[in-house]
Amino acid sequence: MNISIFGAGYVGLVTGTCLADFGHTVICVDKDEEKIKKLRKGIIPIYELGLEELVHRNLKEKRLSFTTNLEESIQSSLALYIAVNTPNSGDGAPDISNINAVAVAIAEHMDEYKVIVMKSTVPMGTCANVRVMIQKTLDEKFSPERLAKNPDIDPRMPDFDLVSNPEFLREGSAIEDFMRPNRIVVGTESDQARAIMKDIYRPFYLFETPMVFTTLETSEMIKYAANAFLATKISFINEMANICEKVGADVNMIAKGIGLDRRIGFKFLHASPGYGGSCFPKDTLALIDIAKNVGYDLKIVKATVAVNERQKKWMIEKIKKIIGNLKNKTIGILGLAFKPNTDDIRESAAITIIEGLKKDGAQIKAFDPVAMNAAKKVLKDIRYCNDAYEVMEDSDALVILTEWNEFRYLDLAKAKKLLKKPVLIDTRNIYEPERMKRLGFTYVSVGRK
Ligand SMILES: NC(=O)c1ccc[n+]([C@@H]2O[C@H](COP(=O)([O-])OP(=O)(O)OC[C@H]3O[C@@H](n4cnc5c(N)ncnc54)[C@H](O)[C@@H]3O)[C@@H](O)[C@H]2O)c1
């Protein structure tokens, strides 16, 4: 099938590439000319395991192409996926202007039946509004007055259907998540669109992937409900961690002890400096805003957000408690990305914590295996290092903020020599307190003695 994907970011590029790998002919469209130039040369603008190889293979097989030309990509495809960014507009509500821009372009250029597939995360009612917007443009374009004035226009108004198909992939394992999803959610009222979606995702039937067919609004809400629930799990275990520190319990054992209960499960029960990334922070705020607009006070999700903000601040306090006055102290930071295996620093707890430490006078040295280029755009006056050991040299303390695998087996004898004082603040609980004590470190983690 011919498919166009609008927005070649984390979601659009992964979706387009994986669909091309299934055998579809896919055009990825983006308004960012530089990005498209790079992609055409096979240069991948984001860090995502396995993506480069997959893009190269499908470029070579000519199933995947990249363009900034909206008109051509709209006309040459049956399915038009919208995967543009929907950032927080500042007051919690997502900014859907990118969605509207693509919708207007589709309405202007579509010439025959299209299935418009919403992959972006959007508030309930957005797909229905997009449908009204497109229909309005078509009605104007094909009005009897306009047709009478322009006899060259083909008078047959094209038909279209809207589908909500939220994406659940996680950065860092996006290809695996897309190729082997837990479920696929499709919201539509049209039998024709449902049949087309089934055809696009036919390869998933091999793995017996469950498909949830529902309405547009329910599908849109499933995405928010999923992210709010996962974010709540994170804030919950972080609250447990904070109590553990006060009562002498161990949050890792708490997570194991409750996670073994299949009704609860292990996932998203890691004590941490708080969730970040491009989804949980914005989607929780969006859901609170959506609820407020319908007169509902969403207490649990509000608490989740508040706990997450407090958690980041508590990490700063934890560091200050160990080091004392931060003026003229050098803090070595390991990890800037919001989680391992991605270069995404959007809403990363590391960024908030570093800014807090700087505000209190600390000098910062930092290293991240892949996120330093992204970080350099937002964190200016810190020293970026070439590896973890350069970070340690003459630092008053070492702070692990992202649990990259390469930070799990640091040469601790070398670390002790390089650091001014053997102080390790491990906000991801990747080292064992007993061992660190034996090695002579002042060691602090989250929710453990
Ligand atoms: N990143 C994730 O892990 C993830 C997971 C699930 C869902 N989502 C949702 O998917 C959507 C996209 O997220 P992302 O992280 O891929 O965003 P992104 O910022 O990585 O990429 C968005 C791309 O859209 C392009 N774009 C914006 N307006 C455009 C327009 N009018 N025409 C063409 N291109 C345009 C941008 O240039 C950019 O390249 C968001 O709604 C997000 O909430 C993201």
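Is F229 buried, partly exposed or exposed, and how many other C-beta atoms lie within 10 Å? In this predicted model, F229 is partly exposed, because 13 other C-beta atoms lie within 10 Å, whereas a buried residue would need 20 or more.

## Setting of F229

Helix α11 is the element that contains F229. The C-alpha atom of F229 is separated by 9.2 Å from that of T284, although the two residues are 55 residues apart along the chain. T284 belongs to helix α13 and is among the residues there that meet α11. The packing of these two helices is described next.

## Packing of α11 and α13

Two packed helices are described by the angle between their axes and the distance between the axes. Helix α11 spans residues 216-247 and helix α13 spans residues 280-293. They pack at an angle of about 115°, and their axes are 9 Å apart. That angle makes α11 roughly perpendicular to α13. The crossing of the two helices is left-handed.

On the α11 side, the contact involves Y224, N227, A228, L230 and A231. These residues meet F280, D283, T284, A286 and L287 of α13. By class, the residues of this contact divide into 7 nonpolar, 2 polar and 1 charged.

## Surroundings of the ligand

The ligand is surrounded by 26 residues. The closest of them are G7, G9, V11, N98 and S120. Two helices, α1 (10-21) and α5 (97-109), each supply at least two residues of this shell.

Most residues other than glycine have a negative phi. N341 is not a glycine, yet its phi is positive, at about 70°. E347, likewise a residue other than glycine, has a positive phi near 55°.

The cut-off for a buried residue is 20 or more other C-beta atoms within 10 Å.

Conventions:
Residues are numbered from 1 along each chain as its sequence is written. This is a predicted model: local features need pLDDT of at least 70, side-chain atom pairs count only at pLDDT 80 or more; totals for chains, interfaces and linings use all residues. A residue is near a molecule or strand if its C-beta atom, placed from the backbone, lies within 6 Å of it. Helices (H or I, at least four residues) and strands (E, at least two) are DSSP runs, numbered from the N terminus. Axes are lines fitted to C-alpha atoms, for helices over the stretch in contact, and angles run from 0 to 180 degrees between N-to-C directions. Angles under 35 degrees count as roughly parallel, over 145 as roughly antiparallel, 65 to 115 as roughly perpendicular and the rest as oblique. A crossing is left-handed if the near helix is turned anticlockwise from the far one by less than a right angle, and right-handed if clockwise. Two residues are in contact if their C-beta atoms, placed from the backbone, lie within 7 Å. Ala, Val, Leu, Ile, Met, Phe, Trp, Tyr, Cys and Pro count as nonpolar, Asp, Glu, Lys and Arg as charged, and the others, Gly among them, as polar. A residue is buried if 20 or more other C-beta atoms lie within 10 Å of its own, exposed if 12 or fewer, and partly exposed in between; C-beta atoms are placed from the backbone.
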